[in-house]
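Hi,

Here is the structure I promised to pass on. Have a look, and then read on for my notes.

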Amino acid sequence: MAIARWLNQTVGLFVFFLLDILDFLLCFTYKTLDFFFESEWKPCYCSSPLEAQAKTRKIIVSERGEYSKVVSMTRTKIHFDEISDTLYSRGPSLLMRLSKLVSSVKCFNYKGVIMRGSVVESCDHNYESKKKISSGNKKRLMTLKSTVVEKSPTTPRWSDCNCSFCTSWISPSNKDSLFVKVQQPKDNKKARDNVLFIHGFLSSSSFWTETLFPNFSDSAKSNYRLIAVDLLGYGRSPKPNDSLYTLREHLEMIEKSVIAQYKLKKFHIVAHSLGCVLALALTVKHPGAIKSLTLLAPPFYKVPKGVNPGQYVMRKVAPKNIWPPMQFGASLISWYEHLGRTVCLVLCKGHRLVDSLTRLFTLNRMRTYLIEGFLCHTHNGSWHTLHNIIFGSGGKLESYLDHVRDHVDCDVAIFHGGKDEVIPVECSYSVKTKVPRATVHVIPDKDHITIVVGRQKDFARELELIWQRSTTTHK
């Protein structure tokens, strides 16, 4: 074991050094291609956090600490969002520092705003460094920057897929709402309860609709309204290229597209992986509405005191190992912005070809519904969701679980695959230490996906028992 770990670390050091070089070169390559196809230089996270987030209608607040703030302005509201510092600070790589040289190539006319208390003053970008500020006001100073980009947030980028499936959300009737798949009794008035299913990272509603929905008993189908949603950026849901896919954006889209649309007063939640973070956040926002909470492979890592939560969780999820393959894949898409974009360019833009080849080589004997979620997304959506939700929520989950323990009266059930190489089983046991009433079910010989896929009949029965028990208990 010691030799295997040594080989993994030694070979990994060499492999990831080469990936550092490749990602550095790809940074220049994509800037050139973006300018060629879209007539403007696109900022990335190799540069400063302010330049990296020069987005349509977005203003970035420069702060030191775990998060930076994003100000999103609409006609009626001003929103403050948190973006994870792991987006632009992912380790002491020399090449990452060198890549900041890219920021010297500027074709943007940046303008800034200085906000002090309730007074907002306009200023030029160069004026910011010249302005003298008294030492007594330094702690309250926030520097804001923005840029105006004419490109429509609904226009697919050149490197994204523009097929009818991936762009179905662009129609006026769909662009402001998530795609929702509902299975309900023929007479909707007979639906006794509602169940909201939230998928995980690189997935879609088909993870539930193609596995569990057909396998629920006739009794469940006649008593429950089953609602599965494609999260923002996935499947047939909107994939705006100006979104930062923050926690607020994900939650508001679920609330508008599901809770408000279907007038849910009480409902059960079933969530997988990334979806567990959103499920806990929803539970905190709507504590009296949750009848039961079922979490599959929740990514909860106990963060030691004095450690940056986002950075800690990123190194736990993506520890820069070349073995096992799942960890190598996680490290590739977590640490390397431009390599991740290349993977999306090859696979996501070509998802129809991948689907056809899979059917061909398996003689059409393999169902390819998982490809819908795994490949039908954009790099912008997956990159920001990974960092802002999974990594960026590292410091929030503990308080969410404390709230569920102390203020939410619902059953909590946790399922985890015994051979899960993406999220370790210890994460589920850590949830139980925070919420003692939670029950943990470890399924031997199952991994992050086969915890559902392949055992859908058994899991459907388990869910029905949870809902029945919860309904009886809370009458």
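Where in the chain is the place of Pro324? Pro324 falls in the loop between helix H9 (309–317) and helix H10 (325–335). Keep in mind that this is a predicted model.

Tyr245 has a positive phi, near 50°, and is not a glycine. Tyr245 belongs to the loop between strand E9 (224–229) and helix H7 (247–260), and at 0% relative accessibility it counts as buried. Ala297 also has phi near 50°; this residue is in the loop between strand E11 (290–296) and H9, and it is buried too, at 3% relative accessibility.

Now the aromatics. The whole structure holds 18 aromatic pairs. In one of them, the ring centres of Phe16 and Phe328 are 5.9 Å apart and the planes are at 50°, so this pair is tilted. Phe16 is in helix H1 (residues 2–38) and Phe328 in helix H10, so the pair ties together parts 312 residues apart in sequence. Phe16 is buried at 4% relative accessible area, while Phe328, at 26%, is partly exposed.

There is also a cluster, in which ring pairs link Phe197, Phe207, Trp208, Phe213, Phe216, Tyr224 and Trp467.

Last, charges over rings: the charged end of Arg236 sits over the ring of Phe179, 4.0 Å from its centre, and Lys320 lies over the face of Trp335, at 4.5 Å from the ring centre.

Cheers

Notes
Residues are numbered from 1 along each chain as its sequence is written. This is a predicted model: local features need pLDDT of at least 70, side-chain atom pairs count only at pLDDT 80 or more; totals for chains, interfaces and linings use all residues. Side-chain values use heavy atoms; hydrogens and water are left out. Helices (H or I, at least four residues) and strands (E, at least two) are DSSP runs, numbered from the N terminus. Buried means under 20% relative accessible area, exposed over 50%, partly exposed in between (1.4 Å probe, protein chains only). Rings of Phe, Tyr and Trp (its six-membered ring) pair if their centres lie within 6.5 Å; planes under 30 degrees apart count as stacked, over 60 as edge-to-face and the rest as tilted. A charge sits over a ring if NZ of Lys or CZ of Arg is within 6 Å of the ring centre and within 35 degrees of the ring normal.
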